Amino acid sequence: MSPSVPPLGQGQPISRLSAAPSMRVSSPSAFRGSEKVVPSEIAAPPAGSTPSPGAPTVQDLRVPPGGPSPRLAGDPLSVLVGSPISLRLIPAPALGPPSPLVIWRRGPTVLAAGTLGSAAAPPGLAQGYRARLSFDQVSGTLELESAEPADSGRYTAEVIHAGRERELQEVTVRVYEPVPQLAVAPADPVLEEGASELRLRCVGAGPGQGRLSWSRGGRPLEAPSGDGEGPARLRIEGVDLVIARLKRTDQANYTCRIQSPFGASEATAAVTVLYGPDPPVITVSSDRDASPARYVSVGSNVTLRCAAASRPPAELSWSLADPREAAVPAGPRLLLPGVGPAHAGAYACLAANPRTGLRRRGLLNLTVAGGVPGASVQWSGLPPDVPASPELSSTLVSVPVRPQLSGVTFTCLGRHLAAARSCSITLKAPQEVLLRLETGASGPEAPAVALEATGCPPPARLAWAREGRPLAPGGGGRLKLSPDGHRLLFGNFSLEHDVGNYSVLCSGPLGAAGDRITLIGPSVSSWRLQPADGAAVLTWDVERGCVVSGFEVQARTEKPEPGATGLTGGAWTSLLLLGPGERSAVVLLPSQPPGPWRLRVLPTLGGQPGTPSSSRSYRAGPVLGPGAIAGIVLGSLLGSALLAALLVLLGCCACRLWGSRKKKPLISPPASSTPEKTRSVTSVGALHPSPQGFATEPSPSWACPVVAPSQAASASPKGVPRTVRSATQV
């Protein structure tokens, strides 16, 4: 027979076949019946159960009565070598009459065939299995003693009933050898990177023991793996694992494992791959510099570190690039404290692998920034007739002086390993020279006075003059110059000798400029007096060259008391003493006497009074200003106008009410009204505003006349008739 059934997977469940291919069997010549595959269900051992060695292995082939769709076994029947195998039909076929015929096969080989029943002829057994094979003619059970690896295969039971369809059942039997003790050879091999091949053999593994698998680092190796550089580098050949063209990443623990329903066994070998050293890499660090790979500063502490990938770790040592220099101490670090220009140069790191015998060398060029090399300087913006310096490091350039250079900017660009910087200089002639007066009281009789000139930066120089004549300060006189010549100091200023015109001239290579000032005695140029919340606010100004060391705010009463002295007696009394920089003051005057008061500002220089300001009158208490008075007048006029309008309105209303009582209302039919009168008539049902702005409500019994532009006579206030236009509201 030639069944066309998909092979059962190893340890994988079989799906139900709803339309399984037909299996045609050549039945015995004595049987005359139809040929049809009859369904059956094979009862496999419970999932996860492990048969015990030596115990009979029984497989029940359940035959559902009358069922037309067969079921194949879920899991193969696992049998240990030497254990018996028993295949039964459940339920047992009916014994007839006529008795059924049962045929057992393993693949195409017929193992046993016989008719069921006690009186039936002995069954036929295969020639090579008679010593181990037996057939029960009552139940149709097939028993095979002492299972051997060759007994693995697919077993088929065919039950033939006369006049009925044939029944076919199948089961797969796998016979396993006992799980052996395994080992990997060679054990813990050590190779160098680039070796052509490593073959690991799983010693003890053989056919029939179970499923053989390999893993690396706990991860299974299922299929050959390649790296894109030719054939697969890792492949499984029988019980061998082959690794071609070894790499450093191939170092790992490799495990071979055999798994069967009766147990598992595994063995591991550690593979070591030697490599390197790779070219050493030198890195530099500094405690001062952000980019030590470019340069390090003089005096900084520098550390060189060397790293080279290697297995086993490489032995590292240092030396200068100059072969005449002796090697420095070995190790991955080289410390250079307080580096100087002598430390600049090339450094070498030597890496050696004692197992592979390879040696590699790495170089680093250390640059120490500290004058060597120097910075380069380049100028831009120079006039066309000024040739550029042939040396980039020139920091000095000569430019001919001419007035046209005022306002021109020159730029220098400096480049160095540490940084790049630029500077600019703008040539300017003196333009805004200003003299400023400074006054301070150094004593009651010796005020400190000074003139300061600004806007004359060096290299320009200052020349002072008085009344057009040059001044030569110093020599023990009262006039002195500051060391930079910008301040003219008056040792003991005198109104008799030191007032007058002073000038200064600032001269430079590109031009000159100056300023002048006239010094005068202490005086007030203008001042104002304003009352505010029961106090007097004074503000004043002085001339630019006014020499003053302080101000006094003075007051006196305009109504002196007879026999009184001081403030109430009419004498000027100082109320406030202010410094030379003050220009305003707030004075609170006493309520008694009530005033009015006279106020003024007195400038002083040292202990000498200056020219006082004019005096102004001040009265304590609220005082109406011009704005308040104007507001009161306008408010009075507006109130009078409103009162007059109200009186006129009341008079008009009284006249209208009196007229409505004297006359009956006139009713004009709409048909007889003229167009002019028609336009003057309005609806009765709405409120109508009066000329005075009030709303009037119509009455159902009488009509109120409304004043309108119509020709009618009315009395004027003077008795003169006035023509008005009247209309009647209906």
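Student: In the hairpin formed by strand 45 and strand 46, which residue in the turn has a positive phi?
Tutor: This is a predicted model, where local features need pLDDT of at least 70, side-chain atom pairs count only at pLDDT 80 or more, and totals for chains, interfaces and linings use all residues. Residues are numbered from 1 along each chain as its sequence is written, and side-chain values use heavy atoms, with hydrogens and water left out. Strands are DSSP runs of E, at least two residues, numbered from the N terminus. The hairpin has 2 residues between its strands, and the phi of about 65 degrees belongs to G606.

Student: Which residue in strand 46 stands opposite L605?
Tutor: Strand 45 and strand 46 (residues 608-609) pair in the antiparallel sense over 2 bridges. Pairing requires at least two bridges found by DSSP between the strands. In strand 46, the residue opposite L605 is Q608.

Student: What is the bridge partner of W597 in strand 47?
Tutor: Strand 47 covers residues 616-618 and runs antiparallel to strand 45, joined by 3 bridges. The partner of W597 there is Y618.

Student: Which residue of strand 45 does G550 stand opposite?
Tutor: Look at strand 42 (residues 550-557), which runs antiparallel to strand 45. The two are joined by 8 bridges. G550 faces T604.

Student: How many of the 9 residues of strand 45 are buried?
Tutor: Buried means under 20% relative accessible area, exposed means over 50%, and partly exposed lies in between (1.4 Å probe, protein chains only). Strand 45 spans residues 597-605 and is mostly covered. Its buried count is 8.

Student: How many disulfides does a search of the whole structure find?
Tutor: A disulfide is a covalent bond between the sulfur atoms of two cysteines. The search criterion is a pair of cysteine sulfur atoms within 2.5 Å. The number found is 4.

Student: Is the disulfide of C306 and C349 left-handed or right-handed?
Tutor: The S to S distance is 1.9 Å. The torsion about the S-S bond is about -85 degrees, so the disulfide is left-handed.

Student: How many residues apart in sequence are the parts that C306 and C349 tie together?
Tutor: C306 sits in strand 23 (residues 302-307), and C349 in strand 26 (residues 345-352). C306 is buried at 6%, and C349 is buried at 0%. The separation in sequence of the tied parts is 43 residues.

Student: What is the handedness of the disulfide between C412 and C423?
Tutor: Here S to S is 1.8 Å. The torsion is about 80 degrees, so the disulfide is right-handed.

Student: Which accessibility class does C423 count as?
Tutor: C412 is buried, with a relative accessible area of 9%. C423 has 39% relative accessibility, so it counts as partly exposed.

Student: Where does C506 lie, given that it pairs with C456?
Tutor: The C456 to C506 disulfide has an S to S distance of 1.9 Å and a torsion of about 80 degrees, so it is right-handed. C456 is in the loop between strand 33 (447-454) and strand 34 (461-466), 50 residues apart in sequence from the part holding C506. C506 lies in strand 38 (residues 500-508).

Student: What is the pairing when the bonded cysteines are numbered in sequence order?
Tutor: The numbering takes in the bonded cysteines of the protein. The pairing is 1-2, 3-4, 5-6, 7-8.

Student: How far from C655 is the nearest cysteine sulfur?
Tutor: C655 is in no disulfide. C655 is exposed, with a relative accessible area of 56%. The nearest cysteine sulfur is that of C652, at 6.5 Å.

Notes
Helices (H or I, at least four residues) and strands (E, at least two) are DSSP runs, numbered from the N terminus.
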